[in-house]
Amino acid sequence: MNLIELLSEDAFLTKAENISLQPLNWSLARAKGVEVLIRREDLIDEYVSGNKFYKLFYNLHAAKEAGQKQLLSFGGAYSNHIYALAAAAKTYGFNAVGVIRGERPKQLSATLRDAEAWGMKLHFVSRSDYRERGAEDLSALLSSTYGEFFEIPEGGANSYGIQGTKVLGSAIYRQVKSDYTSVCLACGTANTLVGVAAGLWQVGSDGKVLGFSVLKDSGIDGAQGLGSQIIHHQKSTGDVTSNWRLINGFHGGGYGKKLPADMLKFMHEFERESKFKLDPVYTVKMCWGVAQLLKKDYWPRGSRLILIHTGGLQGRRGFNL
Ligand SMILES: *Cc1c(COP(=O)(O)O)cnc(C)c1O
């Protein structure tokens, strides 16, 4: 199979530069005297949406440089990463394998249906097997079934992912320099938080990147906690910066769970006012978290917030939205 040309790095940087910061119509923020701008990364590509566009870019180049024609990664039934990977693989002529948690259901989710239609091979692994997927037997099974592949971790969360999301942070820096109070984004693995913080890092700047965790048990402390994963990610790239903070408590019951009624109501109101859509797994929780902090006067009047819409709108289909 011939690989068609990947997007060049110049074209990638230009795409990042071309996402504008839009003023957000939000009466709550107005009432609190806080300016809110939003970067609509959901608009960067129809299928390779939001932060996944950034996280995949250098992974695809690394695969190509390694001479690999097949990509393999991991995810759940509504994974934005699997969806983006399948779309990118189709566009650029890679073979793709998606290792999916759970038994193959009678009816595939809309996400997996699309991924399969785009040519991704779906390999289902029971939940207990999946937990052990680092184990050599799964690895050996995948190799003997699919041959050679370039492996991308779940969510695209590796140093190439950080290299890509650093471009997002740098693009914001060029747009606002240090003239902002907080940059806010939703966090799963926090790989994007690390990249964005690295791109925005300026010694002496007070600007902080706030990562709203969508996980119930992300626990800031401890070896398994998201905070230590962040340090680990940072060490893997050498960009050890201190301009970030994790915000917990706005996960709405946990990852991918049905939204609580108050959060769902908030989502509809926010969408009506802002005139764009949120996704139910990530961006709604960041916006909900920002709303709760605004109500508590977390930011003084005159503050300037930048929200990153990390995309993922295809995931609405799993929630009948
Ligand atoms: C994957 C995803 C995230 C989380 O990104 P991490 O780098 O894992 O923190 C946030 N928002 C959306 C819409 C996503 O699809």
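**Salt bridges, cysteines and surface charge**

Analyst: In this predicted model, Arg101 and Glu154 form a salt bridge, with 3.0 Å between the closest N and O atoms.

User: Which parts of the chain hold Arg101 and Glu154, and how many residues apart are they?

Analyst: Arg101 belongs to strand 4 (residues 95-101). Glu154 sits in the loop between strand 6 (150-151) and helix 8. The pair therefore links distant parts of the chain, and the separation is 53 residues.

User: Is Arg101 buried, partly exposed or exposed?

Analyst: The relative accessibility of Arg101 is 24%. Buried means under 20% and exposed means over 50%. The value for Arg101 falls in between, so Arg101 counts as partly exposed.

User: Glu17 forms a salt bridge with Arg174; how many residues apart in sequence are the parts that the pair ties together?

Analyst: The closest N and O atoms of Glu17 and Arg174 are 2.4 Å apart. Glu17 lies in helix 1, and Arg174 lies in helix 8 (residues 159-176). The pair therefore ties together parts whose separation in sequence is 157 residues.

User: What is the relative accessible area of Arg174, and how does Glu17 count?

Analyst: Arg174 has a relative accessible area of 47%, so it is partly exposed. Glu17 has a relative accessibility of 32%. Glu17 therefore also counts as partly exposed.

User: Where do Lys64 and Glu5 lie, and how far apart in sequence are the parts they tie together?

Analyst: Lys64 forms a salt bridge with Glu5, with the closest N and O atoms 3.6 Å apart. Lys64 is in helix 3 (residues 51-65), while Glu5 is in the segment before helix 1 (9-17). The parts tied together by this pair are thus separated in sequence by 59 residues.

User: How many disulfides does a search of the whole structure find?

Analyst: A disulfide needs two cysteine sulfur atoms within 2.5 Å. For Cys187 the nearest cysteine sulfur is that of Cys184, 11 Å away, and Cys187 is in no disulfide. Cys287 is also in no disulfide, with the sulfur of Cys184 nearest at 8.9 Å. Over the whole structure, the number of disulfides found is zero.

User: Is Cys287 buried or exposed?

Analyst: Cys287 has 1% relative accessibility. Buried means under 20%, so Cys287 counts as buried.

User: Which residues gather in a patch of negative charge on the surface?

Analyst: One of them is Asp129, placed in helix 6 (residues 127-131). Asp129 is partly exposed, with a relative accessible area of 45%. The patch is formed by Glu103, Asp129, Glu136 and Asp137.

User: What separates the C-alpha atoms of Gln22 and Leu37?

Analyst: Gln22 lies in strand 1 (residues 21-23) and is partly exposed, with a relative accessible area of 25%. Gln22 and Leu37 are 15 residues apart along the chain. The separation between their C-alpha atoms is 5.2 Å.

Notes:
Residues numbered from 1 in each chain as written. Predicted model: local features only at pLDDT ≥ 70, side-chain atom pairs only at ≥ 80, totals over all residues. Heavy atoms only, no water. Patch = residues over 30% accessible without salt bridge, like charges linked within 9 Å, V, L, I, M, F, W, Y side chains within 5 Å. Areas by Shrake-Rupley, 256 points an atom, 1.4 Å probe, with all protein chains shown as cover. Salt bridge = Lys/Arg side-chain N within 4 Å of Asp/Glu carboxyl O. Lys, Arg positive; Asp, Glu negative; His and termini not counted. Charge placed at Lys NZ, Arg CZ, Asp CG, Glu CD. Helix = DSSP H or I, 4+ residues; strand = E, 2+ residues; numbered from the N terminus. Buried < 20%, exposed > 50% of the residue type's maximum accessible area, 1.4 Å probe, protein only.
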